[in-house]
Protein chains: 2
Amino acid sequence: MSTLVTGIGELVTNDLSLGSGLLGVRTDAALVVDGGTVAWVGDGSDAPAADDRVDVGGRAVLPGFVDSHSHLVFAGDRAAEFEARMSGEPYDGGGIASTVRATRAASDDELRLRLARLVAELRAQGTTTVEVKSGYGLTVDDEARALRLAAEVTGETTFLGAHVVPPEYAGRTDDYVALVTGPMLAAAAPFARWIDVFCEPASPHAFDGAAARTVLGAGRAAGLDLRVHANQLSAGPGVRLAVELGAASADHCTHLTDADVDALASGSTVATLLPGVEFSTRSPYPDARRLLDAGATVALATDCNPGSCFTSSMPFCIALAVREMGMTPAEAVAAATAGGAAALRRTDVGHLGVGARADLAVLDAPSYRHLAYRPGVPLARALDVGSLT
Amino acid sequence: MSTLVTGIGELVTNDLSLGSGLLGVRTDAALVVDGGTVAWVGDGSDAPAADDRVDVGGRAVLPGFVDSHSHLVFAGDRAAEFEARMSGEPYDGGGIASTVRATRAASDDELRLRLARLVAELRAQGTTTVEVKSGYGLTVDDEARALRLAAEVTGETTFLGAHVVPPEYAGRTDDYVALVTGPMLAAAAPFARWIDVFCEPASPHAFDGAAARTVLGAGRAAGLDLRVHANQLSAGPGVRLAVELGAASADHCTHLTDADVDALASGSTVATLLPGVEFSTRSPYPDARRLLDAGATVALATDCNPGSCFTSSMPFCIALAVREMGMTPAEAVAAATAGGAAALRRTDVGHLGVGARADLAVLDAPSYRHLAYRPGVPLARALDVGSLT
């Protein structure tokens, strides 16, 4: 069944053959969805016939947001830790252990319910693709379980056994890395597309460059592709390791040397920025302008998790990117759509060219500019087109 | 008809006789609404019978937000000005003239439709009382019209003919003040509760201390109570004038001297902070901690307007207040509820004691802390209780 979406005041295509500017914008547009993909894009006045018709009343339509970094499989609540941090406690990743305890104790059904609620919350804010990491189980069974549940809601599943060293392995990082790269990886790999590691020598809970290299190498050998938590708390080795190994994305990139920026600009690794984390940990923001000016590909993602950043809102991240990171509204929207797709090495999402997956976000606003112009206002939602169901 | 609201996981009452801490919080609570007011508050296990029943499923319930500063009667769009500002253009209030042009040209019905949409948007985010200013007409007829339309949606209407000097009075501020305090005030007063002035010697478009004093004096003589746009762009005379004249609120308070802080701490004037403006103009934030520590009463409001800040989200302002202004989550929620009520000199809203107006906000979260813990996520909405309709 085909559906004609009409009355699109402004259409962001991210396809330069279909519109103008960085975002491939066209006005007074229409679009036909057929079999779940974009079948036609053009002027509203030229729209072909279709089986069904949705009029969006002059609103802006964008590719659904691609949130390439989240941690949605967990139990527990860390509002009290957040409150303490806002009163001056520093963030070093240590609170992750409390989520690990709660997650291990939760039933499958509780985790499934929480995950479904968060995915619905993301979708209600315009996100149509989400990557989900494990990393709050940190045992063979709990990591495999987290990925099994994540795989029920997305194909973009990431094994993050190397999130932190769990308390029972304190002081025995090498033993824990052996567990992660051995039986845990074997149990997790059937449910995972990606492997990730929190590479952060500045945190007593995370992993140094050598351990990260070991984890990523084992993951690749098991058929997983690579992403890295890199340079969040210090200018460590994570970014350069990610680029050297051809990881799809280096995430955080808060503290970068000139060599890190050069590496990101010359390699194929996307710099994924997570400004909600800096907001919620009261940390300095990464410098997106520096990365863009150097020629790096930049993505924005939420990092939605119960500790360092519990936002699920890509529009909020866009507004922060414009306010705090030197991005233009267009650059921020590109990073939240096409950038996220690049960070997941996906060509079927993040744009609305013919043949793309018909993942549409609609705004209660006339232009994508309103995402930064109207911070905090819930303007975006995923558009359910008849033929998608 | 009475309605029992039950299943309240956490109830913020802002009434220290009903709960604990700054916010008068109680858990596992219930509340009876009768005839549009709060008739009973207590433990869920003690709840009396009522005609109707609403179960909020363990969610947190708060007094609806009181947004004591907005400019919702306007036409036009300034997304392009916002985009230019984010690329380095400074904000000095000059862009207001473009909204004045568009507002004058709009029909009553267009203004009414835009206003209704914005009020609905506020309510969908948990705001149940909103003050609305004129200030984009700047002629006798256009100011009276704006207030007539505002009075259709709220009793908290504010005459702001002294928003900026309109282009046709450029260089003739005295003549414009004579118009504002003469025929414009006479036409506006029947529809207004408050008078306000943009007191800002640092802006070429606004009014100095002497002009502000003239405007406020005339308003008071016409039976209006006072509020002041004070110290937004510089440490000018606005705050001390507001306190001297017993204004209900001095709004913005971005640049304060020690004498300003002392005045606010010792007088009856509320310091209303509008952090969305600093977010959207990339300006330094006001120091709420300094004001609170000195003993001033602090309110938070959106300043929703098409130029300097087009957010309508009180939760966003709460998150900014915690991140940027040194407020605890509890202080920020108090400022967005009880603080706003104080800034409007209202005792019937901003709390949920017995006899209060039954204006309830419900969160898709277990605690008020989530408003800051989950920035950008649309958690809050006004709760429609049967007996309110």
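**Exercise 1.** State which residues form domain 1 and domain 2 of chain A, and characterise the interface of the two domains.

*Solution.* Step 1. The assignment, automatic or taken from a database, gives domain 1 as 2-64 + 350-383 and domain 2 as 65-343. The model is predicted: local features need pLDDT of at least 70 and side-chain atom pairs pLDDT 80 or more, whereas totals for chains, interfaces and linings use all residues. Residues are numbered from 1 along each chain as its sequence is written, chains are lettered from A in the order in which they are written, and side-chain values use heavy atoms, without hydrogens and water.

Step 1. The domain centres, taken over C-alpha atoms, are separated by 30 Å. Contact (heavy atoms within 4.5 Å) joins 19 residues of domain 1 to 20 residues of domain 2.

Step 2. The two domains of chain A bury about 1,500 Å² between them, 73% of it on carbon and sulfur atoms; this is accessible area (1.4 Å probe) lost on being put together, summed over both parts. In domain 1, Gly64(A), Leu371(A) and Ala382(A) lose the most area to domain 2, together 28% of what that side buries.

**Exercise 2.** Determine which rotation superposes chain A on chain B.

*Solution.* Step 1. With least-squares superposition on C-alpha atoms of residues with pLDDT of at least 70 in both copies, the rotation is 180 degrees with 0.0 Å of shift along its axis (RMSD 0.0 Å). This is the relation of a two-fold axis.

Step 1. Of the residues of chain A, Gly376(A) comes closest to the rotation axis, its C-alpha lying at 2.4 Å.
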